[in-house]
Amino acid sequence: MLRRRSPAPGRATYGAALVSREFRAVFAAAGLSVTGNVVADIAQTVLIYDRTHSPILSSLSFALGFLPFLVTGTLLSSLVDRVPPRRLLLSGYVAAAALTALMALPGMSVGMLLALVTAAGFANGLANATQGALLRAAVPEAAYVPARSLMRIAVQVAQVAANPVGGVLIVVFSPRGTFGVAAGVIALAALIGGLGIRAGTGSRAADTAEPAASGSGGVLGDSLRGLREVLALPGLRRLLLLGWVIPCFSVAPESLAAPYVVSHGGSAALIGWWLVGLPAGIVTGDLLGVWLVQPAWQRRLVGAAGLASFVPYLAFALNPPVAVCVPLLILSGMGSMYSLGLDARVRDAAPQALFARMMAVNGAGLLTIQALGFPLAGAIGTAVGPGPAVTIAGGCGIASVLALWPSGDDGELLDRGRDGGTQLDGAADRAQPVAGLAHDVGQDGAGLVAVVPVGERDPERYHDVAQVVAALVAVLHGVHRDLERLRLRPPRRDQVDVDGGAAGDRHHQQLDGREGVIAAVAEAERAAARVRGEVGVGAGPVDGYVPAPVISGHDLHHSL
């Protein structure tokens with residue numbers, strides 16, 4: 001008899017996310033909101049063009065709906081910490097629905113319509129800015145990546161489906177009637193969010209004891225301080241840039257769809273199939289990535305998947321027929337499974353106190369840079385032709401991934417994930433980078449200089465661990481004073497082996513990340529006090545390394 005195989009232990013699944021009622025509410029509300037806004041965008045574009053016959057004004061109405069996202073995600077980002085996420089989300093949805101309904105009023109001037117479009121963009125931007133904090137609070141930690149994947153799938157499906165639906169609604173109800181339908185859909189999103197999300201969900205006061213990093217002062221000043229704090233973290237900044245730059249070059253085929261298809265004698269129907277290719281690949285890549293790829297491998301494959309997403313673009317240099325281009329676009333979209341591992345890495349690289357602010361900045365940067373990719377691809381396509389322009393975009397994308405994705409030790413520093421496994425949040429997890437150290441211990445000296453590479457992390461995280469390691473080595477040196485050499489072997493992820501001794505040695509100690517500081521620290525108090533008196537702990541990093549306490553004058557033979 002065939003039995004359904006259960007998920008492997010530690011593997012994150014869509015079911016783990018969907019079991020949360022609050023996530024289901026956030027998920028459904030986001031899909032409905034995107035659908036309503038896309039329908040409204042189509043209606044306003046058609047209405048303005050019908051009244052002005054100006055392609056520029058028609059395009060401007062579309063751009064004004066996205067420009068406010070840059071402002072809300074940067075200059076107003078402090079609101080995600082000042083206002084409870086549920087209230088901010090529902091306020092944004094309700095305001096967007098009301099403003100969209102006003103667009104349906106007869107006699108509305110073009111200027112007033114553009115003003116309403118801009119105001120609705122601000123409302124949607126505030127709602128979008130707080131979704132990250134709500135989503136993380138609504139699901140278990142291991143389900144965060146599948147939850148983010150489901151949100152991407154909802155957006156892709158809503159955008160693809162809303163375009164033909166909007167066209168049908170305009171034919172049936174006229175543009176003004178379509179505004180009314182769109183407003184109703186957005187209002188339904190607010191209703192579902194209000195009924196399904198509990199008050200206090202995602203609020204920092206409920207989730208953490210840490211005070212707000214920049215809670216005082218005006219909204220603008222607080223937002224700018226938070227923006228600087230987010231971008232001041234080099235590892236996080238590099239991950240955010242990677243997540244922004246890849247979509248910027250990925251949109252080139254969509255921007256050049258009409259010119260390419262028309263130049264090959266294709267019809268409008270083929271343009272539609274072309275535009276479905278990338279979203280279909282994105283959905284397929286996310287589904288396969290969550291179903292088949294373990295969380296640890298999702299993290300490792302970020303760079304490879306990002307590179308693979310641009311490889312099909314290189315084939316456009318051969319100017320292939322449209323029937324070949326659509327499968328190439330689907331393959332390219334499947335490479336977007338890089339987002340799964342990137343989501344986990346971004347989550348782990350952001351301090352908890354800055355997470356909501358970081359997600360607001362991330363959303364603003366993603367939408368803004370992606371929007372810039374459309375005219376950039378169009379300008380290149382005008383100069384060299386649509387096929388070569390897609391190839392150039394692919395080459396730029398590959399170069400960007402190679403430049404931004406870390407390698408070697410930097411890659412290991414970014415590979416300290418919690419997704420789908422046990423979080424080692426004790427001393428051993430923080431002391432993980434201690435590896436490959438060789439030390440000489442003499443009869444007349446205490447004997448250790450430890451160098452802990454922290455790369456782009458805050459060195460203060462390692463001060464307590466460095467003191468514990470130093471104290472333990474001091475105790476061992478006092479007991480084994482006859483030893484002439486002490487070597488620290490590279491530790492496993494979940495432990496730090498101090499003396500490499502046999503398991504039966506009563507002085508053989510290990511730091512277990514789940515059990516905290518071991519009892520030997522108490523015995524080492526006097527020795528550790530003497531050590532800390534000789535060399536101050538907590539010096540700033542030098543060339544990416546933080547010197548731990550010095551227990552002797554012996555030289556360090558090699559370090560990471």
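Which residues does Thr-100 touch, not counting residues up to four places away in sequence?

**View 1. The whole chain, a predicted model.** Residues are numbered from 1 along each chain as its sequence is written, and side-chain values use heavy atoms, with hydrogens and water left out. In this predicted model, local features need pLDDT of at least 70 and side-chain atom pairs count only at pLDDT 80 or more, while totals for chains, interfaces and linings use all residues. The chain has 27 helices and six strands. Both are DSSP runs numbered from the N terminus: helices are H or I with at least four residues, strands are E with at least two. Of the 560 residues in the chain, 50% are buried (under 20% relative accessible area, with a 1.4 Å probe and protein chains only). Take the contacts (heavy atoms within 4.5 Å) with a separation of 6 or more: 81% join residues 24 or more positions apart.

**View 2. Helix H4 against helix H7.** H4 spans residues 67-74 and H7 spans residues 110-129. Their axes are 8 Å apart, at an angle of about 45 degrees. Axes are lines fitted to C-alpha atoms over the stretch in contact, and angles run from 0 to 180 degrees between N-to-C directions. H4 and H7 are therefore oblique to each other. Angles under 35 degrees count as roughly parallel, over 145 as roughly antiparallel, 65 to 115 as roughly perpendicular and the rest as oblique. From H4, Pro-68, Phe-69, Val-71 and Thr-72 take part; among their partners in H7 are Phe-122 and Leu-126. The residues of this contact are five nonpolar, six polar and no charged. Ala, Val, Leu, Ile, Met, Phe, Trp, Tyr, Cys and Pro count as nonpolar, Asp, Glu, Lys and Arg as charged, and the others, Gly among them, as polar.

**View 3. Thr-100 in helix H6.** H6 covers residues 85-102. Thr-100 has 2% relative accessibility, so Thr-100 counts as buried. A polar atom of its side chain lies 2.7 Å from the backbone oxygen of Ala-96. Beyond four places in sequence, Thr-100 touches Ala-40, Phe-179, Ala-182, Ala-183 and Ile-186.

**View 4. Helix H4 against helix H21.** H21 spans residues 355-384. The angle between H4 and H21 is about 155 degrees, and their axes are 8 Å apart. The two helices are therefore roughly antiparallel. Phe-69, Leu-70, Gly-73 and Thr-74 in H4 meet Ala-360, Val-361, Ala-364, Leu-367 and Thr-368 in H21. Six of the residues in this contact are nonpolar, three are polar and none is charged.

How values were computed. A polar contact is a pair of N or O atoms within 3.5 Å; within protein, one must be able to donate a hydrogen and the other to accept it, and residues adjacent in sequence count only if both atoms are side-chain atoms.
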